[in-house]
Amino acid sequence: MDKIYSAEQITMLAKELFRHERSKKRLDGWFLAKEIECECAGKYDSFDAETRKAYILKEIVSRIPLEISEYSIFAGTQDDAFAASYALINPSFKVEEFSGYCDPTAVFGDIEPNSEFTEERINKVKAEYSKSAYVSELTQVYTKAEKDTKEVAYFVEQVTGHLIPDFRYALKHGVAKMMEIAAEPMKLALESAIILAGRYADIAESQLDSADNERKKRLEFMIETLNNVPKKGASNLFEAIQMFMLLWQVMCLEQAPNPFAFSVGNADRIFEPYRNGLSREYTAALLKHFLVFFNVADRSWAISQNILVGGRNTDGTDLTNETSYALLDAYYDMNMPQPILSVKLHKNTPDKLYRELGRFFFTPGILTPSLFNDDSLYAALGAGGVDAEDLPDISVAGCQEPLIMGKDNGNTTNSWLNLPKILELTLSGGVSLLTGERLADLPKGNLKTLREDFYKNVELYASRMAESANGAAKALSNEKVPFLSCFMGGLESGIDLRDTTKQGTKYNGSGCLIHGISIIADSFIAVDALLAEHPEYEEKLLDALGNNFEGYDDIREFLLSCHKFGNNITDVDNEAVEVAGRVADIVSAQKNYLQNSFRPDFSSPSTHLLYGYWVGATPDGRKAREMLGYGVDPLFGEAINGMGFRMLSALKLPYEKMVGGYASHLGIDPKYFRADSYEGKGMEFKEKIVNPLFFSSDSKKVAPFYLYVNVTTPETLRKVQAEPKKYAPSGVYIMRIHGTFVNFLDLSPAIQEDIIKRLDPKSTAMGA
Amino acid sequence: MRIFQKGFNYSQDGPGNRLVYHLMGCNLSCKWCSNPEGMDIDGKCTELTTKEIVEEILSCKAMFFSGGGVTFSGGEPTLQFTELSELLRLLKQKGINTAIETNGTHKELISLFPFIDHLMMDFKHYDSETHRKWTGAGNETVQANFKSIAASGKRALIRIPVINGFNNSPDGFVSFFREFNVENIRFEILPYHEYGRVKWDKPYEVTNGFITKDDVEKFEKMFNENGLKTVRM
């Protein structure tokens, strides 16, 4: 291989390939896939649903137009599985116009009609698709839940993507071997990967004639590789990466359009066995092409694809390897909006890893990994029922939801619970404070019994939410996934992973993203203080909230002066612990379609903005339509005593109950890091941020296990906004918006403002 | 106790990450003071009992990394001497690393030594009259406390805020300090700054207080040549 390509050449090609990818303005492949599906639907009607889907997949893979770019050293793309849909990276996105991602036919609005893809052609496929059992059942679910979802007391969605396939068996033994043991529909589906490799080999073959000598050698090498994999197992890193891409491509096509947040797991461990002594530099060069693969078109529309490095074994030993460092090199040099990088840390993580991470945190505009505390994840998931042997394979689906690679169908974003909205409806007796519409028949709130009234309503809404979420999962189960199931335990069980009557994966659950714990805790404490110190306000509070405090400045001022979560103040911090714990218990008590628990996940992937827009003024003094707190973080502006106190509050939360994950963010001012090299700053980051948050606790309590940071200041980002050409000459300035990173310059103004606002420097000050 | 500000600070008010309490009230009125809001003992602040403070400090242990702990600063912490003394004693019993930043004007300062891990004391001027003119009080007690520190062998950091027009020459300091056993004493030269100027509601009287980098180096050079070890934090 090194005779055909030098490491420098591979890198140069990867950069050209990325440029080429970002120049793509149209994404039509998903539509073609849907069109093919419609065209051949009748042809396979006599088969069962799994087999029918497998045949359709084979048709799609056989017919979809393919190409090999002159810059490609590997064949494969996931462009044909994605549309230009994800709202947050669209500069015209407006918080007030957001209506969720739930309508599966809405995607047909994301393709611009032209002479080839005429309106008529698009509408025809859309109409056909609308008739499917999946779409009609899902529509019924949404119709039934409309009163609850209208102003987002809760929200549900069908979960596509959001899983971590285990390709290790396939990489080792090859697809042909898997086909020998797979059930019939899965066997058919697996064949798609071989068909795809064959088609790419043919394209490469056809390019030989017009290729110069150098390219000819490279194409011949590609053809040789495609003749081996994925049919046979991979025997070197080149083959392993090629095979991985083809499997990924088929997996995404099976769920087109928009299977967001499929994730890789520990890429360093997946590929290390195939490195065969390749140097770090050469390995990094090859992995750059692997990373480019995850970027789809002009804005990297396939979002939240997570790749992990690092982590520990069951005995506590570190599992970092040479490929971990090569992968970091590849990430740093390419600095692309996808795939997102996460690092698993633990007490025995070598300092070398922290030193090498310094450059990510402290180079402006460079991506930053999110951080996981593997020790805590072991404790939380172990207690949650994951077998010890599976704990090293804890991976991250999408933003921050921990799942076991290849064994866990967590339906991570199945349901979303908006606690501040439920508080609003508790206080008002079911009437929206924003619109005056009666959204539920609830008894009118009483401040003296507010807590118990609220929790009762949380139970009510959680149970309705679970019913709707299960409805969405059942609707989706009409769309079988025989290919993906092969990498999720289906090879052994023979069961489709979406089956709602038989469990095809070793672990199964449904996610519930819980929003707004800091607002609830702050509100309860403020109401206590109001009753004790200003009983004369009791009768006025609801009016004050309904009028968004207009004419009630005195009440708002008082509410704002009460204790707030995030400042290491005992009463309100304990309240937050109580809110998180009780709501987690209520959510865990809900059962999904297989009678497994819903998993409490305290994350808010920009939904703190979107749902906040639908919540009226709250008794903590927050005004109507303002954002909610992000994940488990204090509400913006309420933690004012610096990083130390904010971390101390964070350390108290019941992470052992957050088995579905949680989100937390710190905006860090680089001025507090004084070492004169990136390596030194990396160690300082360990000492000042990672150690106190993850590894300082001497109690038996489970420590925090997730963090993302943006190391910058509001002033710096204002400069980037004002003069993008000066501060981001490449056109790419990577920031994190939540679990995912994005090109800051691709974002809508509302999302840019959210990033700037949540840097919240007073909450993270580390010195006078 | 009366506290006007608290927060964590890394390696600036003692080693490691430290919880710094600024205690209300000061007996001096230095013209360059960067925390003028802490001068008036009757000013607006939070009141906590020593028990509450100890509880708060114990709840913060997770943040005392890299050899950190608690620092009492001001204002002037020794103005609340009885409570401070009790507090330091309790904290030492609990194994908390303690530090104080003082202007060195309290006569009983030496009695706190057993309970202080890191003593930081200002020594603003060697001449009592000049000291009085710029800070409102003479420096006899400061000198006496310095002598006690030297005699006891207590490790201490002596801080000299160097202000143009007030003390911008090392000679007098050096002649004073070199008479003593300074084995365990370190000196820090703090160049004048105006970070606190905006907080003054009375006229700010220092007109040209800034010194140059060369001035700082001149101080440090002369100190070190005379066996007075300087540090930069």
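I began just past helix α30(A), where D760(A) takes a positive phi of about 40°; helices here are DSSP runs of H or I with at least four residues, strands are runs of E with at least two, and both are numbered from the N terminus. This is a predicted model, in which local features need pLDDT of at least 70, side-chain atom pairs count only at pLDDT 80 or more, and totals for chains, interfaces and linings use all residues. Residues are numbered from 1 along each chain as its sequence is written, while chains are lettered from A and ligands numbered from 1 in the order in which they are written.

I then went back into α30(A), residues 749-759, whose buried residues are I751(A), Q752(A), D754(A), I755(A), I756(A), R758(A) and L759(A). I took buried as 20 or more other C-beta atoms within 10 Å of the residue's own, exposed as 12 or fewer, and partly exposed as in between, with C-beta atoms placed from the backbone. The cover over these residues includes α28 (714-722), β15 (706-711) and α31 (761-764) of chain A.

Next I looked up F31(A), which sits in helix α2 (residues 29-40) of chain A and counts as buried because it has 23 C-beta neighbours inside 10 Å. Leaving aside residues up to four places away in sequence, F31(A) touches I111(A), F117(A) and V125(A), a contact being two C-beta atoms, placed from the backbone, within 7 Å. I also noted that R121(A) is 90 residues from F31(A) in sequence, yet 10.0 Å from it in space, C-alpha to C-alpha.
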